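Subject: Structure for your review

Dear colleague,

Please find below the structure that I am handing over to you. My findings follow directly after it.

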Amino acid sequence: MATNTDVNFYFDPVCPFAWMTSKWIRIVQAQRDYHVDWRFISLRLINSHIDYDSHFPAEYLAQHTAGLRLLRVASAAREEHGREAIGPLYEAFGARVMETWPDEGRAPGWQGAPDLVADALAEAGLPTSLVDALDDTARDVEIQAESDEALALTGKDVGTPIVHFEPPEGVAFFGPVISRLPDEDQAGTLWDHVIGLARFPGFAELKRSLRERPQLPSFGVAAQEAGRTEDWHAGSRRLKK
């Protein structure tokens, strides 16, 4: 585990809400001079007990599997190039997965395509040979263990991201789930409010399942627009309970 870390941020590269929260955390990180350790949690692995066909929209299985494939590459990058490689790599993944407009011609699971991954690796200053880890299922043991570590901090009825502030003794929580990116002035205030609430020993949950679609090109929502409000039961657009 990284030392002198202010925030452990557990992410899945295909989760739009994790991406939006990570963009906010990067603003706070720069303002507060925090050290962030970018860590892994796989939606595919934590939902391994779920029947995708009956519970999720059709694209979720391929999307979550692509996220796991990207985490395998991140695992290889961390092993060979250190923990500091993950922040830039996650940012490069997000630029391609979240900051591009919808394209109906893309095949399911396009987020884990080798060409996309090779481009992201190059942008992050990492060797493109790491693309070979996409299919390295032996790395799933490490990713599962880190996912379990994240859920042990919050309980299992959560999704991504999970944030652990001032580890190992500090507070941990799922989210916050935000659909819009706060500006520079709002970012620190929002952070202080979230941490203040999370630090109250008796606090457990503050939640609404109605969400705006994230203010991201991948959802067809431009900057300064408000996405359509939807009911994300249990953190996703499930077909049924």
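The radius of gyration of the chain is 17 Å, which agrees with the value near 18 Å that a compact globule of 241 residues would have. Please note that this is a predicted model. Along its principal axes, the C-alpha trace spans about 45 × 40 × 35 Å. Of the 241 residues, 50% count as buried. Among contacts with a separation of 6 or more, 71% are between residues 24 or more positions apart. The accessible surface amounts to about 11,800 Å², and carbon and sulfur atoms contribute 50% of it.

The chain contains eight helices and six strands. Read from the N terminus, their order is β-α-β-α-α-α-α-α-α-β-β-α-β-β.

Helix α1

The buried residues include Phe17, Trp19, Trp24 and Arg26. Their cover includes strands β1, β2 (36-40) and β5 (210-212), together with helices α5 and α8 (184-199). Just after α1 comes Asp33, with a positive phi of about 60 degrees, although Asp33 is not a glycine. Asp33 is situated in the loop between α1 and β2 and counts as exposed, at 68% relative accessibility.

Aromatic residues

A search of the whole structure gives 12 aromatic pairs. One of them is formed by Phe11 and Tyr90: the ring centres are 3.9 Å apart and the planes are at 15 degrees, under the 30 degrees that limits stacking, so this pair is stacked. Phe11 belongs to strand β1 (residues 7-11) and Tyr90 to helix α5 (residues 86-97), so that the pair links parts of the chain 79 residues apart. Phe11 is buried, with a relative accessible area of 1%, and Tyr90 is likewise buried at 1% relative accessibility. Both residues belong to one aromatic cluster, which is made up of Phe9, Phe11, Trp19, Trp38, Phe40 and Tyr90.

Two arginine residues lie over aromatic rings. The charged end of Arg106 is placed over the ring of Trp110, 3.9 Å from its centre. Arg211 lies over the face of Phe17, and here the distance to the ring centre is 4.6 Å.

Loops and backbone

Gln111 occupies the loop between α5 and α6 (114-123). Its relative accessible area is 8%, and Gln111 is therefore buried, the cut-off being under 20%. Leaving aside residues up to four places away in sequence, Gln111 touches Val14, Gln63, Ala66, Leu70, Val97 and Leu116.

Two cis peptide bonds deserve mention. One joins Thr160 and Pro161, with omega about 5 degrees, and Pro161 lies in the loop between α7 (140-154) and β3 (162-165). The other runs from Pro167 to Pro168, with omega near 5 degrees, and Pro168 is in the loop between β3 and β4 (172-174). Glu166 is also located in the loop between β3 and β4. Glu166 has a positive phi, near 55 degrees, in a residue other than glycine, and is partly exposed, with a relative accessible area of 40%.

Yours sincerely

Methods
Residues numbered from 1 in each chain as written. Predicted model: local features only at pLDDT ≥ 70, side-chain atom pairs only at ≥ 80, totals over all residues. Heavy atoms only, no water. Phe/Tyr/Trp six-rings, centres within 6.5 Å; stacked < 30°, edge-to-face > 60°. Helix = DSSP H or I, 4+ residues; strand = E, 2+ residues; numbered from the N terminus. Buried < 20%, exposed > 50% of the residue type's maximum accessible area, 1.4 Å probe, protein only. Lys NZ or Arg CZ within 6 Å of the ring centre and 35° of its normal. Rg over C-alpha atoms; globule rule 2.2 N^0.38 Å. Contact = heavy atoms within 4.5 Å. Areas by Shrake-Rupley, 256 points an atom, 1.4 Å probe, with all protein chains shown as cover.
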